[in-house]
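Please consult the sequence and the structure while reading.

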Amino acid sequence: LEAKIIRAIGDPPQRFAEDHLRMLRAVRFAERLQFSIEKETAAAIQTHAEKIKQISPERIREELEKMLTQPTRAHAVQTLADLGLLHRLWPDADWPVERVKKVVTVLSYLPSHADDTLAMAGLLHDRSIRQARRIGASLRCRNRLRSEMAWLIGHVDEIEQVEILSLP
């Protein structure tokens, strides 16, 4: 704890082979506590990243929501990308480098207390409403979250121009 390092106990590849969810938890705890992930642990996560697909979508969503509702959400998404996890969180996830950069920037501007709906909308803001709904469904997000997230994404142009909008 004093060294501020997240490290797998014992053999990292074996730990992640036993429970694939540990990879997401390692990222979540590292970001929440602002710790770094030890080199061998990070390498094991990268090696086992493909196995994240074996975790139920509900468990992935829970970990993702816990990461996204923290003020460190932008760095968490970057870490997920760096470790090879981000593009495996749902079927057909598409995360080219430029998209990751843009999303990290957007997430960094959200208020520290952003809820899961705003955070998920920030994560998926450059997707179509249809894509966002499909991703939300694949992660087994609540209907209300999917609906509100879709509304936010559908109005992203207006939201981006909030400074020039005026109320009647």
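The model is predicted: local features need pLDDT of at least 70, side-chain atom pairs count only at pLDDT 80 or more, and totals for chains, interfaces and linings use all residues. Residues are numbered from 1 along each chain as its sequence is written, and side-chain values use heavy atoms, with hydrogens and water left out.

**Helix packing**

- Two packed helices are described by the angle between their axes and the distance between the axes.
- Helices here are DSSP runs (H or I, at least four residues), numbered from the N terminus.
- Helix H5 (residues 73–82) and helix H6 (residues 97–109) have axes that come within 7 Å and cross at roughly 160°; axes are lines fitted to C-alpha atoms over the stretch in contact, and angles run from 0 to 180 degrees between N-to-C directions.
- H5 is therefore roughly antiparallel to H6, a term for angles over 145 degrees.
- The crossing of H5 and H6 is right-handed, meaning that the near helix is turned clockwise from the far one by less than a right angle.
- On the H5 side, the contact (heavy atoms within 4.5 Å) is made by Arg73, Ala74, Val77, Gln78 and Ala81, and on the H6 side by Val100, Val103, Val104, Leu107 and Ser108.
- These residues comprise seven nonpolar, two polar and one charged; Ala, Val, Leu, Ile, Met, Phe, Trp, Tyr, Cys and Pro count as nonpolar, Asp, Glu, Lys and Arg as charged, and the others, Gly among them, as polar.
- The axes of helix H2 (residues 21–33) and H5 come within 10 Å and cross at roughly 145°, and this crossing is right-handed.
- Leu24, Val27 and Glu31 of H2 meet His75, Ala76, Thr79 and Leu80 of H5, giving four nonpolar, two polar and one charged residues.

**Thr41**

- Thr41 lies in helix H3 (residues 39–48) and is buried, at 1% relative accessibility (buried is under 20% relative accessible area, exposed over 50%, partly exposed in between; 1.4 Å probe, protein chains only).
- Leaving aside residues up to four places away in sequence, Thr41 touches Ile6, Arg7, Ala8, Pro12 and Phe16.

**Positive phi angles**

- Most residues other than glycine have a negative phi.
- Asp92, which is not a glycine, has a positive phi of about 60°; Asp92 sits in the loop between H5 and H6 and is exposed, with a relative accessible area of 68%.
- Arg140 has a positive phi near 60°; Arg140 is in the loop between helix H8 (129–138) and helix H9 (143–154) and is partly exposed, at 44%.

Terms used
Helix = DSSP H or I, 4+ residues; strand = E, 2+ residues; numbered from the N terminus. Parallel < 35°, antiparallel > 145°, perpendicular 65-115°, else oblique.
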